[in-house]
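Try each task before reading its solution.

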Amino acid sequence: MTAVHWSPQRWRDLPAAQQPPWPDAGELERALEELAAMPPLVFAGEARRLTAALADVAAGRAFLLQAGDCAESFTEFSADAIRDKLKVILQMAVVLTYGAGVPVVKVGRIAGQFAKPRSAATERVGDVELASFRGHMVNDDAPLASARVPDPHRLVDAYHQSASTLNLLRAFTKGGFADLSQVHLWNQEFVAASDEGRRYEKIAAEIDRALRFMAACGIDLARETTLRQVDFYTSHDAVILGYEEALTRRDSISGDFYDCSAHMLWVGERTRQLDGAHVDFLSGIHNPVACKLGPSTTPDEVVALCARLDPDRTPGRLTLVARMGATRVTDALAPLLAAVADAGHPVVWACDPMHGNTITSEGGRKTRRFDDILSELKGFFAAHHEAGTWPGGVHLELTGDDVTECLGGYGDILEGQLHERYTTTCDPRLNARQSTDLAFRVAELLRS
Ligand code: PEP
Ligand code: CO
């Protein structure tokens, strides 16, 4: 298949994994028509800016911080939650920039991360077998058969929630909240009281001093937009292809297609089939794209994926997200790094230390150990050091809330505490304290 014949609909002729069993095809098409008439959420020019920023990452001049919810929720939706998530990401970016001296490209799993690929079509909740929860864009997580029926109106609701989320993010990042003089504000109370929070405060105080110094030298800080505003991009897993197709538009400047549902889209471990619909869809849009790679990925497979997704070898176009698991990363990553380097693709390599390290606690909850997450990150950095390639970024599931979903880390969350504040609708996330802790560790890895 050549890119010449690509169209936003072409995926429909290919095998598409993970598409929900929508009960009424007519109702689905009406929802998709409604979406196709909606304004774009992002603009092509913004997606191109992100590609340029990622090109710096691919060249080893910057670091990618991609983070946010496993699955955004229709019910846990509030301005405070969005603000707190942004706070922790800005806080981590400060730790990384200050600690490692590299610019940080900030990309949220946010404003569209509503669809979940699942390993099985059904799941057991207590004594009943139910259709799996596929994200609020598709069905509801309540443990009832009726709640699990896919409802196409949810696609439209997901669009609207994405629009209001993005609107607030734009206001926060361009309207003063992300001003470097606000660094103290990003340290939430429950983080500030911890060792990591105090360590962060020291950096914040040094930034204050540097800003006062610049002002004393006569620099008009109020006019320095790089100090006052932040570029913050959105991304999500492009699972539901009808939704992505409906939001794909031809850019009037370049004539190219862009998926205007987010700045960056990725395919997951379960949807990255070379001849499948998802890879075909991503191959034709001009946004920066990413592909998750699990431990079974072969060098031939990754080279073929690079050829499909980055045929022109464009720096910043393709991000490869390794999610190997702490015990597999050392052996699994090295052959892939070598194969991609040999094939000459200027990709960004990022580490997702979350999805290969999910375990079930004795109490039956999905969780992840902070130590496993850290250990996979160390393996990722070591493999790059060995290969002479740049460990370009991290891909994390986190929240600004004080949840108890991952074990260990600062404050040492124990198995018996998981139930206390376990609110995720899908995978366990790092809380803001664990995230800050992790940022300091990644900064150390970057420095060494
Ligand atoms: C995810 O990122 O939430 C996810 C499901 O990842 P993966 O496709 O790597 O399993
Ligand atoms: Co997840």
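**Exercise 1.** Which residues of helix 9 are buried, and what covers them?

Solution. Start with the list: Ala277, His278, Val279, Asp280, Phe281, Leu282, Ser283 and Gly284 are buried (under 20% relative accessible area; 1.4 Å probe, protein chains only). That is eight of the eight residues in helix 9 (277-284). Helices are DSSP runs of H or I, at least four residues, and strands are E runs of at least two, numbered from the N terminus. Next, find the cover: it includes helix 8 (241-246), strands 6 (248-250), 7 (257-259), 8 (264-267) and 9 (289-293), and helix 10 (299-309).

This is a predicted model: local features need pLDDT of at least 70, side-chain atom pairs count only at pLDDT 80 or more, and totals for chains, interfaces and linings use all residues. Residues are numbered from 1 along each chain as written, chains are lettered from A and ligands numbered from 1 in written order, and side-chain values use heavy atoms, without hydrogens and water.

**Exercise 2.** Which protein donors hold the cobalt ion (ligand 2)?

Solution. Pick N, O and S atoms within 2.8 Å of the metal (3.2 Å for Na, K and Ca); water is not among the atoms, so sites may look incomplete. The donors are Cys70 (SG), His355 (NE2), Glu397 (OE) and Asp427 (OD), 2.1 to 2.4 Å away. Now take His355 and Asp427: they lie 72 residues apart in the chain. Both are buried.

**Exercise 3.** At what angle do helix 3 and helix 13 pack?

Solution. The angle is about 20 degrees, and the axes (lines fitted to C-alpha atoms over the stretch in contact; angles run from 0 to 180 degrees between N-to-C directions) are 9 Å apart. Helix 3 is therefore roughly parallel to helix 13 (angles under 35 degrees).

Definitions and conventions. Buried means under 20% relative accessible area, exposed over 50%, partly exposed in between (1.4 Å probe, protein chains only). Contact means heavy atoms within 4.5 Å. Angles under 35 degrees count as roughly parallel, over 145 as roughly antiparallel, 65 to 115 as roughly perpendicular and the rest as oblique.
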